Structures are given as C-alpha cells and as structure tokens.
Amino acid sequence: MNATGYFTHRDCWKHEMGAGHPECPERLDAIEDRLLITGVGDALVRREAPQAPLGDIELAHDRMLVAAIRGLCDQLADDITAGGPAYAQIDPDTSLNVHTWNAALRAAGAVIAATDSVLAGEMENAFCAVRPPGHHAERNKAMGFCFFNNIAIAAKYALERHGLKRVAIVDFDVHHGNGTENILSGDDRVLMVSFFQHPFFPYSGFEGHASNMVNLPVPAYTKGMDVRELIEMMWIPRLEEFKPEMIFISAGFDAHREDDMGQMGLVEQDYAWITQRIKDVAKRHSKGRIVSSLEGGYNLSALARSVEAHIRVLADL
C-alpha cells in the first residue's frame, strides 16, 4: 500500500512556552493551513496520535526523567491553583505548562503509532505533525525545546518491540541532534546521518562521535547545493552499505534560508531532493518504510512550504 499517513493530535497545540517563543502552536496551524489550501492534505491518511505508553518512552529515556517531567506538570497545576506562575522552567529556552505532559505523550505516541502502521503495511510511510519536538532530549535530560526524543523512541521501539535488526535515522535540522546521538551512540543496530550548522547550539557532534554516527558539521551560510553534494558523498554510501530495514527522519526545517533560527541557505526544493534521496534508499532496502517527525522550523511560511514539499515526495504527489 502506497498511502502516506499523517499523525497529529490537538493536545500538541496546547503545549506552549510563553508569548513570543518561536516553538509555538502556530507552527502546526501553518502546516495544516498549507496542506489544506494546496490540497495535499486530501491525499493523506489522517490518524489521531495516541498517548505513548511510559514503558515505550523508557526504551530511550531514564525512568527518573519521565517521572520528573510528569511531576513538574503536576506541581505546576497545583501552583497555578494557588496563584502561582503558568510555566515551569527547564532551561533558559525551555519551559512547560500544564498541557506539556499530554502533548509530549501524544508526540511520542504519534511516532510509535506511525511505526506500527508502516510495519503492518497499512501505509508505506508517515509524517508526524507534532510538538514538542524531540531531538535535543537526551536519555536523562530535557533541553532545547524538547522533552522526550520522539525519533529515538520510535527507533528503539522498532528494534525492541518489532524485532528489526537495522534502522537508520536521518536528521536534517539546522541544529545537531545531540539527544538522539546521546541515546543511540554506539548501538550498531542504528545508523544516524545528519548535517548541522557549526559552530552553533547545542555545540556538539563535531568530534569524538561513535562509528554509527555520520555527522556533517557545516558552516553558516552553506547553501543547498553544497549540502546535496555532502549527502551524496557521505550519507548515501553509508546508508546503502547499512541496508536499513526502516528509516526515521528528524524533519527540522530551520536550515531554510528564511528561518532566522539558523544561518543556512536551504529552500523547499532542497528538502524535496533530500526526501527523494532518502526515499530511494528506503525503496531499495526498507520496503519504502519511512516515519518522519517534525523537529524545528520557525519561520511559519517557510516551514509550511517545506513540510508541503517533504510530504509531496513521501506521498508521490
């Protein structure tokens, strides 16, 4: 079946971190609006994301982190009742509100449900329009707008619950996926390929990484054609050699030239090209099986156009 799934949940809109924060619910509105006005949404199989079981989140995260985030949300609800603040701070850029726990469960639940559906053959691939994002969340640390590492959870879930032997992760966010690397570094069942702006937050990934990590740090103002060349030289041979049984994508669109969060120069056509190259590998080795999940992308127009381009390739539109 060649259908493309689209997994989301209204709980993902309720998490927010304060007025003016770039990681905002309007990001999902922009994507939904774009898919509506272009008609792309009509071609997708829409599914409502369930809440992830805690046991599946704990495939990638320390139980104490999961308990701490839940406890912070519960404590915040009590504080608000007593006239306290509406947010609890994790780090200078990351805070939670009373809805963050449910949103994070839905975000992780989306990628788990998408993995189940793709492996069951109900759809060839899927995109998860979820927030909070995940790729900065480490095994025992929430950071960088992220609470649970959605893609790392999905990869571990495919390995541990479905018994796959080899899965690949592709991360094209402008920031290094330090959390994903932290969780999966040294696991030979996983190959992670990424590019990211360097030097840049979170100031990691450029030295001393394990053999299952293909990290491509690139300088600010790198354009799409240069990234394409690096992908052909560095990603594709490793992916072809690895022969993944399934591919997971940390789909961040903040390397777009219009996105002020980074200083790279990609455009929609670059994201379409990258998606097609990933899809080519998946067709050869993974029965076409891809699960993609939203990470960054903060210029609303550029984000929406880039997600549309990404989904068009996934859905053969």
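## Strand β6 within the sheet

Strand β6 is mostly covered, since five of its five residues are buried, where buried means under 20% relative accessible area, exposed over 50% and partly exposed in between, with a 1.4 Å probe and protein chains only. The model is predicted, so that local features need pLDDT of at least 70 and side-chain atom pairs count only at pLDDT 80 or more, while totals for chains, interfaces and linings use all residues. Residues are numbered from 1 along each chain as its sequence is written, and side-chain values use heavy atoms, with hydrogens and water left out. Helices (H or I, at least four residues) and strands (E, at least two) are DSSP runs numbered from the N terminus.

Val 167, Ile 169 and Asp 171 point one way from β6, whereas Ala 168 and Val 170 point the other way, and all are buried. In a regular strand the side chains alternate between the two faces of the sheet. Five bridges join β6 to strand β7 (residues 190-197), the two running parallel, and Ala 168 stands opposite Leu 191 in β7. Together with helix α7 (residues 178-184), β6 and β7 make a right-handed β-α-β unit; a crossover is right-handed if, with the strands pointing away from the viewer, the path from the first strand over the helix to the second runs clockwise.

A right-handed β-α-β unit is formed by β9, helix α9 (residues 268-285) and β10.

## The whole sheet

The open sheet has eight strands in the order β2-β1-β5-β10-β9-β6-β7-β8, with parallel pairing, two strands being paired if DSSP finds at least two bridges between them. At the edges stand β2 (45-48) and β8 (213-218), each with a single partner strand, so one side of each is left without a neighbour in the sheet. Neighbouring strands are turned by 15° against each other on average, direction ignored.

Strand β1 (residues 4-8) runs parallel to β5 (residues 125-128) and is joined to it by four bridges, with Thr 4 opposite Asn 125. Helix α2 (residues 26-38) lies across β1, β2 and β10 (290-294), running at about 145° to β1. Axes are lines fitted to C-alpha atoms, for helices over the stretch in contact (heavy atoms within 4.5 Å), and angles run from 0 to 180 degrees between N-to-C directions.

## Arg 139 and the cysteines

Arg 139 is found in the loop between β5 and α6 (150-160) and, at 29% relative accessibility, counts as partly exposed. Leaving aside neighbours within four places in sequence, Arg 139 is in contact with residues including Leu 59, Ala 60 and Asn 182.

The structure holds zero disulfides, a disulfide being a pair of cysteine sulfur atoms within 2.5 Å. The sulfur of Cys 12, a residue buried at 0% relative accessibility, is 9.5 Å from the closest cysteine sulfur, in Cys 128, too far for a bond.
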